[in-house]
Amino acid sequence: MNLIGLSKEELTAEVVNMGEQAFRAKQLWHWIYWQGKTDFNDMTSLAKDFRQKLIEKGYTLDRPKVVRELTATDKTRKWLFQFTDQREVETVYIPEEDRGAVCISTQVGCPNDCKFCHTGSQKFTRNLTAGEIVGQFMAARDSYDEWPSPSIEPRYLSNIVVMGMGEPLLNYENTKKALKIIMDPEGIAISKRRITLSTSGVVPLIDKIASDLDVKLAVSLHAPTNEIRDKIMPINHKYPLKELMVACKKFQDIAGTRNYITMEYVMLDGINDSPADAHELMRLVSGLAVKFNLIPFNEWPGCPFKCSPMSKIKKFAAILEAHHYAAPIRVSRGQEIMAACGQLKSGIQKI
Ligand code: SAH
Ligand code: SF4
């Protein structure tokens, strides 16, 4: 049994079940999540008989297996990870000067089938467990040997974006459990301000992100009207824009208006990128504290769209900025290692 992914309460119950005292779970937690050890023998402050028992019981601290690791010239690193049932997901590390974000996956494939998304074009297989979600981050830290959890800056793996494969709110319980483990100050200790969860808009669960986790929210908006959004994001039939905006408002009522929602907007040539679309977008988000993130569409083999020309993206950004919204254009990272969502996995499958 892999202990990674058990909540603190579950780990304590496991330890107590072994006939040990509860405080030992706290020590064990420290070794697993703060020190990052994978071998019980290295956990030197644990009593010898306790270590022995853990080994005899067959517990493990396994991370997902690295099938492939690629580092781009801009230092973006991408892993293809495999779980015990051979299923695979991608995880990406995007470094900045003295910090960096790890982009983690929550599902194998995605059932949402957004038309511009490479993951969406792949078959949905299953949800990841909490352990598999936490395991991606731990394996990324292994790769940079950033253990124990640095308590002073810089921390290279400082942020987490839940923007990899899958829709986190369709695997909410496991995602929530994983993020709680990751945020625990006695372990991996990444603060809630450094975690962003991105959703395509699973309306009934959006305010829970504020009340359960209080992490930052990003919404894959991508269209100013139902007419356009229906065509590119099937989930919009179930949860149309008006309901999505109400859910965002609810989120903000709990999280506070200083907690800006990032509206992600993928620039698709001739689909959602006209000045009229930008003006419509302004009407849609009025009353919400949002910032935009304009994402140049990352084309993939067989995709039905083209990326808007940069001149059009800049014009679009200027309209949002004239309305006093932040609207940076995302710089594409790790191009040559196919760091965009879903592309490494399929690239490898073709090889
Ligand atoms: N399922 C969640 C999180 C994963 S997708 C969501 O949809 O929000 C992370 C982000 O990448 C989303 O904003 C998604 O719309 C965007 N994305 C997907 N495919 C893309 C592509 N080919 N080019 C640019 N952005 C893409
Ligand atoms: Fe799933 Fe997000 Fe891709 Fe849509 S954009 S198919 S929700 S991963």
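This is a predicted model: local features need pLDDT of at least 70, side-chain atom pairs count only at pLDDT 80 or more; totals for chains, interfaces and linings use all residues.
Residues are numbered from 1 along each chain as its sequence is written, chains are lettered from A and ligands numbered from 1 in the order in which they are written, and side-chain values use heavy atoms, with hydrogens and water left out.

Two packed helices are described by the angle between their axes and the distance between the axes. Helices here are DSSP runs of H or I with at least four residues, and strands are runs of E with at least two, both numbered from the N terminus; axes are lines fitted to C-alpha atoms, for helices over the stretch in contact, and angles run from 0 to 180 degrees between N-to-C directions. Helix α1 (residues 8-17) packs against helix α2 (residues 23-34) at an angle of about 125°, the axes being 9 Å apart. The two helices are therefore oblique to each other (angles under 35 degrees count as roughly parallel, over 145 as roughly antiparallel, 65 to 115 as roughly perpendicular and the rest as oblique). Their contact (heavy atoms within 4.5 Å) is made by K8, L11, T12 and V15 of α1 together with R24, A25, L28, W29 and I32 of α2. These residues divide into six nonpolar, one polar and two charged, where Ala, Val, Leu, Ile, Met, Phe, Trp, Tyr, Cys and Pro count as nonpolar, Asp, Glu, Lys and Arg as charged, and the others, Gly among them, as polar.

For helix α4 (residues 130-144) and helix α5 (residues 172-183), the axes come within 8 Å and cross at roughly 45°, which makes α4 oblique to α5. In this contact, A130, I133 and V134 of α4 meet N174, T175, K177, A178, I181 and I182 of α5, a set with six nonpolar, two polar and one charged residue. Helix α6 (residues 206-213) and helix α9 (residues 241-255), by contrast, pack at about 15° with axes 7 Å apart, and are therefore roughly parallel to each other. Here I206, D207, I209, A210 and S211 of α6 touch L244, A247, K250, F251, I254 and A255 of α9, and the contact comprises eight nonpolar, one polar and two charged residues.

Ligand 1 is surrounded by 18 residues (each with a heavy atom within 4 Å of the ligand), of which the closest are G166, S198, S220, H222 and N298. Among the polar contacts (pairs of N or O atoms within 3.5 Å), a polar side-chain atom of S220 lies 2.6 Å from an oxygen atom of ligand 1, an N or O atom in the side chain of E264 lies 3.1 Å from an oxygen atom of the ligand, and a backbone N or O atom of T199 lies 3.5 Å from an oxygen atom of ligand 1. Around ligand 2 are C110, N112, D113, C114, C117, G120, G166, E167 and S200, a shell of three nonpolar, four polar and two charged residues.

D113 also has a phi near 60°, a positive value in a residue other than glycine, and is placed in the loop between β5 (107-108) and β6 (126-127). In the loop between α4 and β7 (159-162) lies P148, joined to W147 by a cis peptide bond with omega of about -10°. P154 lies in the loop between α4 and β7, and the peptide bond from E153 to P154 is cis, with omega near -5°.

Methods:
A polar contact is a pair of N or O atoms within 3.5 Å; within protein, one must be able to donate a hydrogen and the other to accept it, and residues adjacent in sequence count only if both atoms are side-chain atoms.
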